[in-house]
Amino acid sequence: MVRPPYPRLPWLVRRNVFLRSQQILAVLMRHGMDWLFTRFAPGADESQLARRVFTRARRTPAEEFVSALVELGPTFIKFGQALSSRLDLLPPEYIAELSKLQDLVPPTPYEQIMTVLTNELKRDPKDIFIQFDPQPLASASIGQVYAATLWSGEEVVVKIVRPGAQEVFEQDIQILTDLAEWASNHTVLGRFYDLRMLVDEFAFTVRAEFDYLREGQNIEAFRTNFADDPVVHIPKVYWDYTTRQVITMERFSGIKLNDLPALDNAGIDRRTIAENLMHFALRQIFEFGLYHADPHAGNFFVQPDGSLAVMDFGMIGRLTPGMKRTFLGIAEAISRRDAEILVDELISANIFYRELDRRAFTREMERLFDRFTGLSLKDLTGAQVMGEIMQLVMQNHLQLPGELVAMTRAIIISEGTGMMLYPGFQLFTFAAPYVKRFWQEERSMRNMLPRISAAAMDGMELTMELPRRVTRLLSRLERGQLEVNINTEELNDLVSKFQKMTNRMTLGMILSAVIVALSLIMVVYKPETWQPLGEFIFGFALISSIVFGIWLIWSIIRTGRT
Ligand SMILES: Nc1ncnc2c1ncn2[C@@H]1O[C@H](COP(=O)(O)OP(=O)(O)OP(=O)(O)O)[C@@H](O)[C@H]1O
């Protein structure tokens, strides 16, 4: 992945960064999270570390983790929210705690927000809005949302970035990046996961959320995709009143999706709402490859006919056709209970891992499928199946691509809301026609032709290149110049073990030599002829040799290399 450049901070800010780093470390330690920084040592494993935390903390480690994030402020709360989607990295109890995180922060005073609005729109807001409610509809970590009315009478919401929020975010990101860098080289967590990539992905997503022009473009893309869909409504963006830090869009009304009593009172069929919600999720993924990555119930207003008005397009996921095929490959492997194919698909999905026992992983997956034997897909929920697969992925220290995990999470959240609305809702049954349509589209001539022609071009290129490459290879082989570079972690481990062994042997030989030399000196020179200084040096050398010798024997016994 390309690392987005982050601005080099001036000296004064760097000083603040230093102070903030100290504060962050202090908070983490106070919440019993020093295990995060446990230095890498062969044999250490996270379950031992987690147990240590259990014995130390009054609350569960997951609760401690979340309260530390809350104490550290908006960037860390957002980081926690991003981590709550990482079903592949964290155990379910952490995901459950992190999902409760809300970034509701005390509102920035109205006057300060108005200054941003005036500076951004370069006009007095009174010239644009006939009415502007000073009480925010919502106050999140990035921006505040206000209800307003344009002079034309159109009802809008105006989202305004909080002044200074991005500076604080950049400062915290620098610290998180430095921590991730250090932890990658020195800690147990860093041994298994690409922490730097995790922070980079997070920084990339949140930076995008600070850019309302981008959010406006996302909304436009969704409006185009769902223009002909009667059950999904996407707000209109007012571009004349939209800048990087201000976005003005159509205001929706309706009943929030999670307000079940209000939905029942209004007599709206809950099953229809659940199906509309899942229809929205599946069309995004299988048809457009562009999806709302945060489809929690609070982001939808239900209309009287059961259709859905969608809000909050800050977090958007994109899927390449390849990623879509991988996802469907995974779904097909699950439906056929074929562990081999499932592992193949996961591995080909560009996952990150440092070490993987593929056979053991496949066996564990087979065991998982055995547990599902006798159950049809109709009896299972997506959350159950994906949750269990993600558990195995986590236990084997695999890190899936962020897009794949975010999409899985989006489906699982929609399924959860669907089941809350209508307990009989079945994801797999409902999704089947969407999947079928996707495959038909995939295998249609229109889609196959470009892929076939690309493959044919690759094949031709290879055929033309092949004789030259084979000749070069053979001539190198004849000259004995063929070099093979092997650079694996295991080999490095082995080399370092050999070095340790050699060092010990050398040290042992030196110690033996010193002890033999000292014994000879004792025999040749009579102790009564010695000066006090000589006695001292002799005694010191003898005691040091004995201590060293004992340490050497003890360290050999400890590591079991006798
Ligand atoms: N188009 C809209 N019509 C009506 N209300 C809206 C609209 N957009 C946003 N809101 C209200 O403002 C709230 C916050 O909006 P939104 O989620 O877009 O802001 P945000 O700053 O991205 O917040 P968060 O960080 O929580 O996602 C929504 O839950 C909703 O109540």
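Analyst: I411 is buried, because 22 other C-beta atoms sit within 10 Å of its own, and the cut-off for calling a residue buried is 20 or more. Keep in mind that this is a predicted model. As for where the residue sits, I411 belongs to helix α18, which covers residues 402–421.

What does I411 touch once residues up to four places away in sequence are set aside? A281 and G382 are its contacts on that count.

Zooming out to the whole chain, buried residues like I411 make up 28% of the 562 residues. Of the contacts with a separation of 6 or more, 68% are between residues 24 or more positions apart. As for secondary structure, the protein chain has 22 helices and 11 strands.

Back to the part of the chain around α18, which ends at residue 421. UniProt, in an unreviewed entry, puts a "transmembrane region" at residues 419–439, and gives the feature again at 506–525 and 537–557. In the model, the span 419–439 is 76% helix and 0% strand, and its end C-alpha atoms lie 27 Å apart.

Now for the strands. Four of them form an open sheet, in the order β5-β10-β9-β7, with mixed pairing. At its edges are β5 (232–233) and β7 (255–256), each of which pairs on one side only. β5 runs parallel to β10 (residues 308–310), and 2 bridges join them. One detail you can pick out on screen is H233, whose bridge partner in β10 is A309.

Last stop, the ligand. How many residues surround the ligand? There are 18 of them, and the closest are A138, A140, V145, F252 and D312. By type, the shell splits into 10 nonpolar, 3 polar and 5 charged residues. Some of that shell comes from strands: β3 (143–150), β4 (155–161) and β6 (246–250) each supply at least two residues.

Technical notes: Residues are numbered from 1 along each chain as its sequence is written. This is a predicted model: local features need pLDDT of at least 70, side-chain atom pairs count only at pLDDT 80 or more; totals for chains, interfaces and linings use all residues. A residue is near a molecule or strand if its C-beta atom, placed from the backbone, lies within 6 Å of it. Helices (H or I, at least four residues) and strands (E, at least two) are DSSP runs, numbered from the N terminus. Ala, Val, Leu, Ile, Met, Phe, Trp, Tyr, Cys and Pro count as nonpolar, Asp, Glu, Lys and Arg as charged, and the others, Gly among them, as polar. A residue is buried if 20 or more other C-beta atoms lie within 10 Å of its own, exposed if 12 or fewer, and partly exposed in between; C-beta atoms are placed from the backbone. Two residues are in contact if their C-beta atoms, placed from the backbone, lie within 7 Å. UniProt positions are given in the numbering used here, feature names are shortened, and annotations may be inferred rather than shown by experiment. Two strands pair if DSSP finds at least two bridges between them.
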